[in-house]
There are 2 protein chains.
Amino acid sequence: MSDQSVTPTPSPAPPPPTGPRPKMTSRGRTTVPVDSSNSSSTDVPEIEYFGAPGPRGFPPLTEYLDIWDVDMMKRPDESNKMGHHTMLFNSDYLIVRRGQEFQVKITFNRPYKPAEDKFAVEFVIGSSPQYSKGTYIPVFPTKERQSTWEGRITNTSDNVVTMGITPAANCIVGKYHMYVAVLTPHGIRRTKRDNSRDLYILFNPWAADDAVFLNDEKERKECVMTEMGIIYHGAYDDVAERDWNYGQFNYGVLDACLYIMDRSEMPITNRGDPIKVTRKASAMLNSRDDEGVLVGNWSGDYTYGVAPTSWTGSTDILLSYTSSKMPICYAQCWVYAAVFNTFLRCLGIPSRVVTNFYSAHDNDGNLKTDIILDENGRIDRNRTRDSIWNYHCWNECYMSRPDLPPGFGGWQVVDATPQETSDGMYRCGPASVQAIKHGQICYPFDAAFVFAEVNSDVVFYSRSKDGTMEPVKVNRTHVGRMVLTKSPGDVTRRDITNQYKFSEGRTEERTALEKAEEYGCKREKSDPALADVDLVLPTLEISIGDDFELNLEFINRSDEQRTADVYINGSVVYYTGVTSSEFLFRTPTVNLGPQKTVKETVMVESKKYMKHLVEQANLHFIVTGKIRETGQIVTAMKVVTLWMINIVSGVAKVSEEMMATVEFTNPFSFSLEGVYIRMEGPGVMMPKNRYYSLIPAGSSLTWTELFIPHRAGETRVIATLDCPALRQVHGSLQDH
Amino acid sequence: MSDQSVTPTPSPAPPPPTGPRPKMTSRGRTTVPVDSSNSSSTDVPEIEYFGAPGPRGFPPLTEYLDIWDVDMMKRPDESNKMGHHTMLFNSDYLIVRRGQEFQVKITFNRPYKPAEDKFAVEFVIGSSPQYSKGTYIPVFPTKERQSTWEGRITNTSDNVVTMGITPAANCIVGKYHMYVAVLTPHGIRRTKRDNSRDLYILFNPWAADDAVFLNDEKERKECVMTEMGIIYHGAYDDVAERDWNYGQFNYGVLDACLYIMDRSEMPITNRGDPIKVTRKASAMLNSRDDEGVLVGNWSGDYTYGVAPTSWTGSTDILLSYTSSKMPICYAQCWVYAAVFNTFLRCLGIPSRVVTNFYSAHDNDGNLKTDIILDENGRIDRNRTRDSIWNYHCWNECYMSRPDLPPGFGGWQVVDATPQETSDGMYRCGPASVQAIKHGQICYPFDAAFVFAEVNSDVVFYSRSKDGTMEPVKVNRTHVGRMVLTKSPGDVTRRDITNQYKFSEGRTEERTALEKAEEYGCKREKSDPALADVDLVLPTLEISIGDDFELNLEFINRSDEQRTADVYINGSVVYYTGVTSSEFLFRTPTVNLGPQKTVKETVMVESKKYMKHLVEQANLHFIVTGKIRETGQIVTAMKVVTLWMINIVSGVAKVSEEMMATVEFTNPFSFSLEGVYIRMEGPGVMMPKNRYYSLIPAGSSLTWTELFIPHRAGETRVIATLDCPALRQVHGSLQDH
């Protein structure tokens, strides 16, 4: 076929090259790699000549205006930090908020002559500064020439010019470098790079044009400026409190927040958008997928880290993550929410931690939690695989939602606790609270998931021998029983359930549920007839170690005799609703006369449950039963949170110094081993730890610390005690 | 403070334990781990007694009905595979589609007596079978007792019962185990686990109740049943074609698709939802984040794998991934789209590959691509960092969208090519094409991103010396110039641009753009005055190695003299629009009389561009200029795709055998080194490779393969040649 002298012949293919595979480059894919680090930067040249040199080379630029000094006016008592609500930051740099003017003082070599001198203040962020991307912004002092950031001269005195600069209300949030450039006809001459002139620009809830604008000073004070918080837990009818030091203004915390975004490789250009920042952070606060901040652990074994119950604040966690660059061990939901809250408040996005009591979980947006009973009405623990968390904490943050139709701005749910099934990634939100309330769950992000957390039905099935199941009772009010957050400005609880749901039975409630079903939420449709026997479990407030009585009240609403075969289960559960071990099982038969109420009392001895306790010391009682005469099923569930002993801690003033004291007595008849006590004073004292290898039964300890408060104002010290046998002991006291 | 004899004293905290940190468990977090593997399974017991044994132990169950044999009726010519459109699958198992009846034959030890015998056919998927999760489904032969899947007896003859089973139209898609259970008063007796009775259940575009129902037989034939496809590339005015063998019915491909979902740890319970399956797969088809199927590489260096241009089909890729469990090297957009298409068609989700010409990329949902010119109108390559892909391929798949308001079902965009900025994850879609067309980009998933890919404006900025920039020209028609896919049933092109956009200038177009802007898409608002001089670049069809003339046409529409200072840039670009190297630069000045048209011709010599060629051999010409009299800017851009020489391949019948021949002559004046030639025949011949270490200049080769077709019908063989100096050579021929 070919008349060439050489005919090619096939040969075995060469072996693939050995050695490590080269690192992927972006060559051919993008002109420059995406700029996703706020810590790397490119220096802007000191001299930029226009055009080619003349016959005698470039002319000197020194004959033009020269810059002698730039004062960032960054002292906490100067107007920049006061006016921008950043005076609490413990930082060496100027920190301001976008969409609001700040001042810098520039000293020239001679008085500035507006008619002939041309200069610009330049801001640069990231390694690939570009005007059209908002990563390079020149600011001019004259009205005639303005960029996206406004500039004006607010004062002139001798050689000193004070310039007012207003960053765009949607500019990138992060750390900028600052230069002053003098424009000459031959070129541009700049100040040398000087790190002390770096400045941080944050979100601004006080600026009407900012997407996080929140027009309520009390809320802003709470959700941006307040460092000390309360996180609710326990049970809806027996709420417990946990103090938390968010510490968003502590030294190093702001840098840690920027590091988190760098670590996530979030493009710099996205960092002005609170939707993108909060979504990214919800993924990054947990270690799943991306080596993020906190490792979740619900197992009870915290040997290789700090028990979730032991943390009292976010500062330690954020600073350790930044210095070790390794995920921190360990967290459970309130730790995720608390550290996320620090991140949000630090960057200036208004935020709060909320607690949802009886939170349906991991059900992938389905509105059903299944409890399987056998044919006799006894719970089948092998087949009951869903759990309802006693409580779950997440965050709300405040922002407009230009990506959604009008009406869905305001509070948004974000959740950093790794969920198994939220769109396949360990992140959640921002989901509009308004959209959740109205069942408009078609809007991003993850609204369907949060809707299910507050709206799921608990469905009791009776399983027949051949494997099929029939729903026998549907409880539509158990899940999402109450949503709490701290009131702004004081330490009381605020019930915000009605921001998530319309009241039971209102038309709007039905409409919202129907809307959610339209968008694919699956509910249990069957409506099994209600039994004519009611079963009520009372609210109990029990301290750890108490013996107590559990009273079951059976109410026969029929005019006939009823006989109930009852199963009473008492077990120790994790706060996730997962059963650890059963400590009580009774099967009484209860006879009920027509229209009669009968009490059945079960004695619960502490020695039975104490040895099984895990973690947060929750007892879970499930009572199920079948009415002989009608075959109907009755059920009742109750979580009892055992109250812990408190640590007494006190704060007192000793001239300049303060004194904080922790006191603890081991109330048990056994020794406590491996005990950590942690003390910290938000804004006044960094966290301190003590370790006691043994605290014998009945013995007491006293630990006193002297310290000089970092700053004036209210002083509060919180303390926790943590050991394998006893978790979640804390106390706090305020100076008055 | 304490009167105890022992007072605890603090001691140094013990060192943390050494050794590897224990693997995280789900203890305390969930009752059972999420079931996310279709390959692991739990055996169902052969005997399940009810209640406790009697005084003489359990009674024997053998006196009841016994099962002798189960016939899955899985031969390709039996009604199951024919009726379910699965006859093309090369598989040892029964493969059916959900929402449609299939038959199994059960042989008992005696005739079945409906009045007294009770049996059920049971289906189990995953390791945690549960009725309420749809992972354990009993099917009963009687009307009185029905589960979520319908059963009925369609025939009875002697001991043999034929049972018709209809899986729910929303059931989980994957591989099920099947059992037959006989129910006796004392317990349940089952068939032994027998793998040959396993069956696959797929999505069903033929079933009206299935979310992927597509009511058009021609489309279904193309988008589910067709194995051979055409993928378009090149330029909108000079379209090139690439044959691709999707091979969705090849041996092992269906298992590979299930393995991909297992590897992604997608919960089994989500696998009936085409929205979740396609979203997960879009993340899993690329190796970023999750060790998915294909490693992207645009660098031109493919030493450590197969060049993207070298692949001819998906089978190799999917089978290698499944056996090696390692990402496969390398892919570019059409490889991602092609393998994704195999995945979708294999599972029964109607899908097609589409090509968008001039696709805006990595711009994070902003509707702007920036090109920076200096003050003289010359392109500033250092500052122009956005690129427009010459073309980009993605997939459309067909499904209803119950999670969105009505009107957004139908074709959905999914894209597996790793984008830098799609919601922070390397995945994209499903995004409703209808939503994109109407600018309703607030609906999940990633509609804003795809909207920008077809609707961005190209903005030319003039950059002044002080660093500020001013838009001088906005081209609103360049991007998303044309969207193509293969016509169903034949090999012609189908222009589907109007499914993504309304025609230029129509009211609806403006409305859609305004809607998108409402939802946060940022457009260039300024509308710089059009220059009164037009610049036109002609369409060119050039073969590789040709010298050619580039003709620039300047049209002066004013009544005055115009002078244009012009910059002509010719460079070699990747198909991603990224510049590799400049090979031509001219700066003519063009004088234009009033109302005159002037042609400027530039000679382009092959020796100038040949040595710079990369990959797909695209030349990019950008002409910019400034009109001296008015200061206005003129611009024109043109991508020229150089046509490659073809490989001649032929197919002929030799009695039972077929013969395929590849012929190639090196047309260059230099030798080609390290040449791979690959040949495959969709459905008739597995891929084969040959390697030639050297093909001297001008020499020819002939490679002939004999093979016996796997099955009857049309025979088509495609071949590609690939070496570092010459990519993208292919050919195909059909038997007639």
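**View 1. A salt bridge between chain B and chain A.** In this predicted model, the side chains of B:Asp370 and A:Lys133 form a salt bridge, with 3.9 Å from N to O. A salt bridge here is a side-chain nitrogen of Lys or Arg within 4 Å of a carboxyl oxygen of Asp or Glu. Between chain B and chain A the count is 2 salt bridges.

**View 2. Elements of chain B that touch chain A.** Strand E37 (685–695) and helix H4 (274–284) are among the elements of chain B that each supply at least two residues to the side touching chain A. E37(B) gives the most, with 6 residues. Helices (H or I, at least four residues) and strands (E, at least two) are DSSP runs, numbered from the N terminus.

**View 3. Extent of the interface.** Contact, meaning heavy atoms within 4.5 Å, joins 109 residues of chain B to 108 residues of chain A. The buried area between the two chains is about 8,800 Å², and carbon and sulfur atoms give 54% of it. Buried area is the accessible area (1.4 Å probe) that two parts lose on being put together, summed over both. In chain B, the residues that lose the most area to chain A are B:Arg29, B:Tyr304 and B:Arg385, together 10% of what that side buries.

View 4. Of the contact residues of chain B, 99% recur in chain A, so the same surface serves both copies.

View 5. B:Thr135 lies in the loop between strand E5 (119–124) and E6 of chain B. Its relative accessibility is 2%, which counts as buried (under 20% relative accessible area, with exposed over 50% and partly exposed in between; 1.4 Å probe, protein chains only). A polar atom of the side chain of B:Thr135 is 3.5 Å from the backbone oxygen of B:Ser128. Leaving out residues up to four places away in sequence, B:Thr135 touches residues including B:Phe123, B:Ile172 and B:Ile268.

**Notes.** Residues are numbered from 1 along each chain as its sequence is written, and chains are lettered from A and ligands numbered from 1 in the order in which they are written. Local features need pLDDT of at least 70, side-chain atom pairs count only at pLDDT 80 or more, and totals for chains, interfaces and linings use all residues, while side-chain values use heavy atoms, with hydrogens and water left out.

Key. Polar contact = N/O pair within 3.5 Å; in protein donor to acceptor, adjacent residues only side chain to side chain.
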